Amino acid sequence: MEQLVFITLLGGIIAAAIWWGAVTLPGEKWQIMAVVPSSPTSQGSCQGMNLTYYGALSATAYSFAVMIFIILATAAGVSPAWVGIFTGLILAVCIPASRIVARLVEKKNGTLTVGGAVFVGTLTAPLIIFFINNTLGIIAGPPAHVTVLLAAISIAYAFGEGMGRLACLSFGCCYGKPLNQCSSRVRKLFGRFCLVFHGKTKKIAYASNLDGQQVIPIQIITAILYSACALVGTWLFLAGHFGAALVETLVVTQVWRIVSEFFRADFRGNFTITPYQIMAGITILFALAVSLFTAPPQDLPRLYTGLYTLWSPGALLAVELVWIIAFLFTGRSSVTGARISFHVQEDKI
């Protein structure tokens, strides 16, 4: 009963967030959240550093994923210390990888890729698990099972990327093809379910001149599909089907990543089959291999234990720290600028 309530509550919160994001975030005012003055100019004004809603929403998605991971992993018997060490190490790998992989593939600075970060994180996660189990046992506690950990983190990833698509709506990135360039069947399918972005500083405007045009709502489809997939994975995990949860979440998310690339209009590199699609295919094979060659434990997770752990001061502080770090990394815009001037209001003196 508690599992059903938990999954239903999660689903309701996510559905409300996606609906709000689809209606609100493509608007022009939902890109720049704040401007921080930096260096002065010769004209008496200041250069400004833009802080974006993209960063705030991305940080929220990171934190949400970490919260899910804490709940599921500790519910399955992994110690809080183990979870904390693993979370710190995997984020230390994935956050920089999101920028490095994008730079290698797209040959551009100031861009990020979740797909590249997931690929790197998926391949390095077993190594991190092995390292913690064999070197930090005194600090971390009893060894954690690789299938349980990978299932928990793949579910958390599906939740996080699903919610993270809201950040793409704000920034105007990861956008679909314009409907006027699609077949009649696609235009009919998405005629009433499309996105229109506004604002010349959104990526869809300065990269492709598609602001104000109807485009395929790739971000919304991804958010709905990944969130639904994560909810199913959570049910499988809490029922003790760890291998099935791992395969279900990674296969669904990565198959859609392969398919969705054909409907996107943003630059993905000069390739017929993009490196991101190849990475997704390798990730699927990795998930299948882990599920076939590892035997997960038989004990059922205890959801109450996971929720209780999340409510502890240490876990809450860790989630807040993740939000701050993620915002500092993703929230400072490098592709937009601002100029600020200050004056005295004489009538208020």
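**Buried salt bridges, cores and enclosed space**

Arg-165 forms a salt bridge with Glu-161, with 3.6 Å between the closest N and O atoms (a side-chain nitrogen of Lys or Arg within 4 Å of a carboxyl oxygen of Asp or Glu). The model is predicted, so that local features need pLDDT of at least 70 and side-chain atom pairs count only at pLDDT 80 or more, whereas totals for chains, interfaces and linings use all residues. Residues are numbered from 1 along each chain as its sequence is written, and side-chain values use heavy atoms, with hydrogens and water left out.

Arg-165 and Glu-161 both lie in helix H6, 4 residues apart, or about one turn of the helix (helices are DSSP runs of H or I, at least four residues, and strands are runs of E, at least two, numbered from the N terminus). Arg-165 counts as buried at 8% relative accessibility, and Glu-161 is buried with a relative accessible area of 4% (buried means under 20% relative accessible area, exposed over 50%, and partly exposed in between, with a 1.4 Å probe and protein chains only). Glu-161 also forms a salt bridge with Arg-257, where the closest N and O atoms are 2.4 Å apart. Because Arg-257 lies in helix H10 (residues 242-260) and Glu-161 in helix H6, this pair ties together parts that are 96 residues apart in sequence. Arg-257, like Glu-161, is buried.

A further salt bridge joins Arg-264 to Glu-261, with the closest N and O atoms 3.7 Å apart. Arg-264 is buried, with a relative accessible area of 10%, and Glu-261 counts as buried at 7% relative accessibility. Shared partners link Glu-161, Arg-165 and Arg-257 into one salt-bridge network. The search of the whole structure finds 4 salt bridges.

The structure holds 1 cavity of 30 Å³ or more, and the volume of the largest cavity is about 80 Å³. On a 1 Å grid over the protein atoms alone, a cavity is a set of points where a 1.4 Å probe fits but cannot get out, a pocket is an open set with protein on both sides within 12 Å along at least five of seven lines, and lining residues have an atom within 4 Å of a point. Points are joined across faces, edges and corners, and a volume is the space filled by probe spheres set on them. The lining of the largest cavity consists of Glu-161, Arg-165, Cys-174, Ile-218, Gln-219, Thr-222, Tyr-226, Trp-256, Arg-257, Ser-260 and Arg-264. Two or more of these residues come from each of H6, helix H9 (218-238) and H10, and H9 gives the most, with 4 residues. By class, the lining has 4 nonpolar, 3 polar and 4 charged residues (Ala, Val, Leu, Ile, Met, Phe, Trp, Tyr, Cys and Pro count as nonpolar, Asp, Glu, Lys and Arg as charged, and the others, Gly among them, as polar).

The second largest pocket holds about 290 Å³ of space. It is lined by 20 residues, of which Gly-84, Thr-87, Gly-88, Ala-318 and Val-322 are the closest to its centre. Helix H2 (53-75), helix H3 (80-106) and helix H13 (313-330) each supply at least two residues of this lining; the largest share, 8 residues, comes from H3. The lining of this pocket comprises 13 nonpolar and 7 polar residues, and no charged residues.

The largest nonpolar core contains 75 residues, and Ile-68, Phe-69, Trp-82, Phe-86, Leu-149, Phe-159 and Phe-237 touch the most other members (a core is a set of buried Ala, Val, Leu, Ile, Met, Phe, Trp, Tyr and Cys residues joined through side-chain atoms within 4.5 Å). Helix H6 (residues 146-171) gives the most to this core, with 15 residues. Residues up to four places away in sequence aside, Phe-237 touches Leu-72, Ala-76, Val-148, Ala-151, Ala-152, Ile-155, Phe-242, Ala-245 and Pro-301 (contact means heavy atoms within 4.5 Å). A second, separate core of 11 residues includes Tyr-157, Cys-182, Tyr-226 and Trp-256. Tyr-226 and Trp-256 are also among the residues that line the largest cavity.

Ala-73 is placed in helix H2 and is buried, with a relative accessible area of 0%. With neighbours within four places in sequence left aside, Ala-73 is in contact with Val-78, Val-83 and Ala-152. Leu-4, found in helix H1 (residues 2-24), counts as exposed at 56% relative accessibility. Leu-4 and Trp-235 are 231 residues apart in sequence, and their C-alpha atoms are 8.2 Å apart in space.
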